[in-house]
Amino acid sequence: MSIGITVATVMFCFYLYQYIEEKRNAKEEERKQSLEKPVINDIKENRDMNVGKCLDERTISGLVLTTLRNMGCEPETELSDDTNWIVFLYQGEQFTIECRDDCYFITIFDTWWYQISTYSDIDEIANLHKTVNWANRYANCTLFYTTNEETEQIGVHSKKSLLFIKEIPDLEKYLTGTMNDMFRVQRFVLTELEKCKVKC
């Protein structure tokens with residue numbers, strides 16, 4: 001009888017020891033995890049920041065977006081095949097930048113900044129063509145016109161291709177300078193078209 005009680009007591013003590021040990025191990029593990037979590041989160045956060053930074057530094061699209069945000073613009077991006085189309089407002093005008101991450105050149109478009117009806121007087125259309133062609137001889141961007149059959153409008157557009165890499169100093173000034181030049185060409189064309197109207 002006493003042997004049975006002794007055995008039962010020993011077994012109870014053994015199970016109690018196991019239970020207490022398991023509880024202590026669980027608490028120790030919990031404590032270790034709570035200490036590691038902030039470190040892991042910090043590492044993950046730093047890694048995510050570095051990935052974002054690398055994307056901005058290593059991709060042309062990221063570089064363009066960062067530059068535009070630094071200029072105070074709010075760009076919107078649309079991906080089509082391997083080409084990114086980035087639309088933004090600058091000085092009240094909507095510009096579009098076409099860029100690819102496998103090419104160091106981007107193209108800036110300023111579209112439909114002047115338009116006339118396809119039913120305009122033949123001389124007015126001829127003057128538009130002549131002015132655009134003449135401006136292309138001297139402008140530092142390319143002017144072209146297209147016809148929209150739905151709206152029955154002939155529109156004038158500008159585009160400029162330029163090298164865009166992080167090694168270029170002051171990218172914001174570089175980009176704004178290019179767009180300001182496009183504005184100057186636009187003003188020149190509008191002035192010439194007004195002169196043509198006065199002559200008529």
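**Salt bridges in a predicted model**

The side chains of Glu194 and Lys197 are joined by a salt bridge, with 3.7 Å from N to O; the term stands for a side-chain nitrogen of Lys or Arg within 4 Å of a carboxyl oxygen of Asp or Glu. The structure holds four salt bridges, and three of them are described here. This is a predicted model, in which local features need pLDDT of at least 70 and side-chain atom pairs count only at pLDDT 80 or more, while totals for chains, interfaces and linings use all residues. Residues are numbered from 1 along each chain as its sequence is written, and side-chain values use heavy atoms, with hydrogens and water left out.

**Pairs within helix α4**

- Glu194 and Lys197 both belong to helix α4, where they sit three residues apart, about one turn of the helix; helices are DSSP runs (H or I, at least four residues), numbered from the N terminus.
- Glu194 is partly exposed at 45% relative accessibility, and Lys197 is partly exposed at 44%, where partly exposed lies between buried (under 20% relative accessible area) and exposed (over 50%), using a 1.4 Å probe and protein chains only.
- Glu192 forms a salt bridge with Lys195, their closest N and O atoms being 3.2 Å apart, and both residues lie in helix α4 (residues 171–199), three residues apart.
- Glu192 is buried, with a relative accessible area of 18%, whereas Lys195 is partly exposed at 43%.

**The Asp102 and Arg100 pair**

- Asp102 forms a salt bridge with Arg100, and the closest N and O atoms of this pair are 3.1 Å apart.
- Asp102 is exposed, with a relative accessible area of 59%, while Arg100 is partly exposed at 30%.

Methods: Helices (H or I, at least four residues) and strands (E, at least two) are DSSP runs, numbered from the N terminus.
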